[in-house]
Amino acid sequence: MEKKTYEFSIYIGRFQPFHLGHLESIKFALKYSKKLIIILGGAYSSPSPRGPWNIAQRIEMINSCLSETEKNKIYFVGIRDRLYCEEKWIQNVQGEVFKITNSVRNIAIIGHQKDASSYYLKIFPQWEFLETGNFKSINATDIRNLLFLKNDFLKISKYVPKPILKYLTKYAKSNDYNLLKRKFKYIEKNRNKLRRDSVTNALIFCNQYILLLMSKEPLKKDLYSLPEVDYLDREFENNSLENLQNEVTIDIDKEHLSMSYVSSDFFNYSERFPLGKQLSKTYLFMIKSDNLPLISAAKNSLKVMWVLLDDLPFFQDKMYADHYQIIQKFNKNFY
Ligand code: NAD
């Protein structure tokens, strides 16, 4: 029996990078729907081993594989991940789709249920789910490993459309590539040597400012992060200041800092740390003071700074792992 056709279909993905499996899915979508909305996840995140390319780069890659007729049927939407606020992510996806489709109801969501991480394909009951099937078991993680660890363009050419091979060949000559390549090598060398399954971070807030730093840790290189204070299983009251002082020297006495403690929360998105499962317990300190306490970089960091909360969006694409999203989870405390 012929499949029904739809006004719109929706295709959600990271496309890091866009490969032949993704291209097949676009062809599938355009066979069963008049128009296609491609939702690119991870918008405004900093370049990372799981997501080297920003929205503009990914759209350029996808467009380079499409004909003019195909391009005229496609809308692109970049959506931020909200790892600790699923409800907002769903509302954001629905809102952006509605802006394009308006009152049209005849909509499908397409994709391949490859594993548990594909759960999102079934959380939009208003859109009919169409399974695309798996195309030759191609997988973006393998392609990234071939690119950053092996530089094996011959193998990559079996998994990506020709324009993507060209794009990646050029990208492999860039500074961005070299920076991430060092992180890939570090991950490869240290993968099964995870020293601890949890870390403790401090979110220090004072007069509408938040304390951020640039750490010397290889995976955090060139990115802003929250200070790390202690192991989870110790009492932070006893150790926080000493450990904090590995990364930042802050001109505030221990008692004042302890009294500024407000609350803590766990952050356990499974892919948050590339060497293995490692959760963060983050403590929020809200310091009451007429002036911002003086700060300076300590032995484990290159730079520390007070950043105005309102300016934080400008730091979004330069923040390490999920630290931007951790700050957002505490947002209700700040206003
Ligand atoms: P992806 O690029 O890995 O895959 C995109 C789609 O292509 C998926 O349906 C996948 O199954 C399919 N696919 C992959 N290889 C295929 C092949 N060989 N043949 C056929 N199909 C193939 O992207 P993804 O990780 O599934 O993307 C989901 C995005 O949505 C991510 O950016 C994620 O962060 C985001 N998301 C965010 C939240 C949140 O922030 N709360 C929640 C859910 C999803």
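The model is predicted, so local features are described only where pLDDT is at least 70 and side-chain atom pairs only at pLDDT 80 or more, while totals for chains, interfaces and linings use all residues. Residues are numbered from 1 along each chain as its sequence is written, and side-chain values use heavy atoms, with hydrogens and water left out.

Begin with the sheet, which is open and has five strands in the order S3-S2-S1-S4-S5, with parallel pairing. Strands here are DSSP runs of E with at least two residues, helices are runs of H or I with at least four, and both are numbered from the N terminus; two strands pair if DSSP finds at least two bridges between them. In general, strands of a sheet pair through backbone hydrogen bonds, either parallel or antiparallel. Strand S3 (74–78) and strand S5 (128–131) are the edge strands, each pairing on one side only. Five bridges join S2 (residues 33–40) to S3, and Leu-36 has Ile-74 of S3 as its bridge partner. Helix H2 (residues 55–63) lies across S1, S2 and S3, running at about 145° to S2, where contact means heavy atoms within 4.5 Å and angles run from 0 to 180 degrees between the N-to-C directions of axes, which are lines fitted to C-alpha atoms, for helices over the stretch in contact.

Turn now to the ligand, which is surrounded by 25 residues, the closest being Arg-82, Glu-86, His-112, Tyr-120 and Phe-135; a residue belongs to this shell if one of its heavy atoms lies within 4 Å of the ligand. Strand S1 (6–13), helix H1 (20–32) and helix H4 (86–101) each supply at least two residues of the shell. A polar side-chain atom of Tyr-11 lies 2.9 Å from an oxygen atom of the ligand, a polar backbone atom of His-112 is 2.5 Å from a ligand oxygen atom, and a polar backbone atom of Phe-135 is 2.8 Å from a ligand nitrogen atom.

Finally, look at two points in the loops. In general, most residues other than glycine have a negative phi, and most peptide bonds are trans. The peptide bond from Gln-16 to Pro-17 is cis, with omega near 0°, and Pro-17 sits in the loop between S1 and H1. Gln-208, although not a glycine, has a positive phi of about 70°, and Gln-208 lies in the loop between strand S6 (198–206) and strand S7 (209–215).

Definitions and conventions:
A polar contact is a pair of N or O atoms within 3.5 Å; within protein, one must be able to donate a hydrogen and the other to accept it, and residues adjacent in sequence count only if both atoms are side-chain atoms.
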